[in-house]
Every structure is written in structure tokens, then in C-alpha cells.
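Please open the structure in your viewer and keep the sequence panel beside it. The stops below can be selected one after another.

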Amino acid sequence: MKTYLFVFLLLGLLGLGAPAANAHGGEDHGETATATAAGAQYFSVTSQSTQFELLLRYEPIKAGEPAHLRLFVSDFATNAPISGARLTFTVPENDKLQFAATPQGPGEYLVEGHFPANKAYSLTVNIVAGERADLMLLKGIEVGKELPVAAATPATEPFLTWKMGLLLLGGFLAGIALTALLLRRRTRATNAQPPLVHS
């Protein structure tokens, strides 16, 4: 009887475990991670030379409106911030546009100006820092472009749902019923045996 009951419960657990395993196998954790990474707060443009490294960050820019960009200047070899640099800018696509930089912190400068049209622009940056000087280009400043929106994360079903609860309860009750049936049969078989006659 114990053997039958053990096999029954084992089969019941395997049957109940299958739906949960199938549901978990359908998830694509790679997509969930990619969807979360898409919610950036700003655009970034970088440029490097043998002396300096530039990182330009900016939020979406609207054509004809004031643009506020953050420029980080650092030493190429040591990555140390370059403070007190003299920066001048020109725009290859429109030489009449003017931009100015204001120091904000160690190696950080606020670059202000405006772009007249929704298209990609570049900034040529003339850097003078102490005895060093360089001319660098920041390409791909896209005016009118919006940040990518992060995809909504699909809701996951709780591990123990009401359906699974019903299945567990049904398996438990079936196990009790089977145990009672086996006990009743054993009792009947015992009672049906003729009494032993001693000579």
C-alpha cells in the first residue's frame, strides 16, 4: 500500500510541476534585460585624440530653441579631468552658429547655443589647456531626435496561482481517497480469510 501511495503522489507532483516549468521556459530574460536598458536619459557623443578625451551629453534638442549640452574634458592617458581649459566652437554645417562654454566642475563645461534645423550637426572643439592645444570633432549631434522608450516589462504570473492551488488540493484529496480505498480492501481481505483450526 505504501508503495502505491508513494507512486501516486510522485506522479501527482510531476504532473503539477510541468505547467510551472513550461511557463518559466517561455520567458526570454534577454528581452527583459534589453527592454530595461533602452530607457536612457540623454544622448552621448565621444571623441579622442592623443592628448584629450571628450564626452558630450545632451537631452533631446529642439530646432530653434536654446540647447544646453554637457561637455566633459579629460586627459587621454590618465583620464584625469581637465579644468580651466579654454574652449572655442565652430559648426561645420553652419559657420554662423555660435556656442560658448561655462565651467561647471572638474573637467565639466556647460555648452550653450542653438541649432536651427532638425538634422545631425557636428561641433569642432578647439581646446587650449596650459601648454597643450588640440582641435577635435564631435560628430552626430542629432537635433529633433527623441530618446528611445523602454519597452514595458510583461507581468509575470505568481508562482502559486489559484489554478495550481486547486490542483494541489485535488491531488491531496485524491491521495486520501486512495489510501482509504486501499485500507478498506485490506480490511475486507483480512476478514475474508478462514480462521485457523488448531488440531
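This is a predicted model: local features need pLDDT of at least 70, side-chain atom pairs count only at pLDDT 80 or more; totals for chains, interfaces and linings use all residues.

Residues are numbered from 1 along each chain as its sequence is written, and side-chain values use heavy atoms, with hydrogens and water left out.

Select residues 120-129, strand E7, a strand being a DSSP run of E with at least two residues, numbered from the N terminus. An open, antiparallel sheet of three strands runs in the order E4-E7-E8, where strands pair if DSSP finds at least two bridges between them. Its edges are E4 (86-90) and E8 (132-142), each of which pairs on one side only. Between E4 and E7 there are five bridges, and Arg86 has Val128 in E7 as its bridge partner.

Next, select Leu69, Leu71, Leu87, Phe99, Phe115 and Ile141, which touch the most other members of the 31-residue largest nonpolar core, a set of buried (under 20% relative accessible area, 1.4 Å probe, protein chains only) Ala, Val, Leu, Ile, Met, Phe, Trp, Tyr and Cys residues joined through side-chain atoms within 4.5 Å. E7 gives the most to this core, with five residues.

Finally, move to Asn79, in the loop between strand E3 (66-75) and E4. Its phi is near 65°, a positive value in a residue other than glycine. Asn79 is exposed, with a relative accessible area of 53%, exposed meaning over 50%.

Notes. Helices (H or I, at least four residues) and strands (E, at least two) are DSSP runs, numbered from the N terminus.
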